[in-house]
Amino acid sequence: MQEKTVGNHSYTDFILIGFPGFSEYKPYLFIPFFLMFLVAVVGNSVIIFVIKTQTSLHSPMYFLIFAIAIVDLSAPITFVPNMFLNLVLNLNGISLCGCLVQMFFVHLISTFESTILMMMALDRYVAICNPLRYNDYMNSSTFCKLSVAFLIRSGLLISAIVILAGSLSFCFSNVIEHFYCEHMALVGLACGETTKNSIMGLLTIFCIPGIDLLCICYSYINIFCAVLKSASGKARQKAVHTCGTHLIVILVTYLLSLCSYLAYRIRNSMSPDVHILISILYLLFPCCFNPIIYGVRTKEIREHILKMVKGKKIDPENIKVASITR
């Protein structure tokens, strides 16, 4: 399981150990995680199918919901199958190359969640604060340019993290206390200087979720200022309903992200099992929560799903596009 280098040794194969304190009960832990994975796959697939097939939902707001459903469908696929093999069959080996590839896709896809939430906030900001220019600003050309820019941003930063991690020598141990190759979990096994890795990790946190969160806060501060200045009680209520679903998703996503970040800062005073659980929920819970909250609270999607389940034909004229209600 190891390869000799000049002066010491460096592991090139690793063992993923999830929930070391519950090794006897691993097969039973498969059940709740499988149910979450099933909800994520089915829920996001339904959201994607409904938005793609219903032309009345082909608008910027629903395009962003479609995008976040794609991300939430893709994210579990990067690590959950390996986790299930670990839990059920105890297949927990992974090469350094495989570990770095998994790390790249796990972190790359997870950053898209934050970016799409930021784009949703900007969409609501323009729709409420500058509705007359909405079609000028929020169109396919704008989304394509922003998507390419954010993809390059995330791709470059995550690539730098993975390249720096791959250049390290791992001589302390080849046991990763996790179900997937998380950046800090792998770097923690390295011998030698890892300051560059820590700095790059912090830089990535600031440049992606940090900047995204600042844009989200800016958008919603302006939205609520505009709502408070509105003389119409109905307009105020509609704006609150419109943004309510988005705010719930933002709160859940960033709260779990903060918990995961803090777990690494206080890991010495936290059991490995709790730390692993927080890291898994950070990636998996939003994937099964988001389609439920969008399916329940978004009136147009909810009505399309109900009519699809009942086998009724949907009349687009009866659906008022771009209004979200409870």
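Is arginine 124 buried or exposed? Arginine 124 is buried, with a relative accessible area of 8%. Buried means under 20% relative accessible area, exposed over 50%, and partly exposed in between (1.4 Å probe, protein chains only).

This is a predicted model, where local features need pLDDT of at least 70, side-chain atom pairs count only at pLDDT 80 or more, and totals for chains, interfaces and linings use all residues. Residues are numbered from 1 along each chain as its sequence is written, and side-chain values use heavy atoms, without hydrogens and water.

**Salt bridges**

Side chains of opposite charge can pair when their charged atoms come close. A salt bridge here is a side-chain nitrogen of Lys or Arg within 4 Å of a carboxyl oxygen of Asp or Glu. The count is three.

| Pair | N to O distance |
|---|---|
| Aspartate 123 and arginine 124 | 2.7 Å |
| Arginine 133 and aspartate 136 | 2.8 Å |
| Aspartate 212 and arginine 153 | 3.3 Å |

Aspartate 123, the partner of arginine 124, is buried at 1% relative accessibility. Arginine 133 is partly exposed at 37%. Aspartate 136 is partly exposed at 46%. Aspartate 212 and arginine 153 are both buried. This last pair links distant parts of the chain: aspartate 212 sits in helix 8 and arginine 153 in helix 6, 59 residues apart. Helices are DSSP runs (H or I, at least four residues), numbered from the N terminus.

**Pockets**

A pocket is an open set of points on a 1 Å grid over the protein atoms alone, where a 1.4 Å probe fits, with protein on both sides within 12 Å along at least five of seven lines; lining residues have an atom within 4 Å of a point. A volume is the space filled by probe spheres set on the points.

The largest pocket has a volume of about 920 Å³. Its lining has 39 residues, with Ile205, Pro209, Ser257, Tyr261 and Tyr282 nearest its centre. Helices 8 and 9 are among the elements that give two or more residues to this lining.

The second largest pocket has a volume of about 340 Å³. It is lined by 15 residues; Ala67, Val71, Phe112, Ile116 and Ser147 lie nearest its centre. Helix 2 gives the most to this lining, with seven residues.
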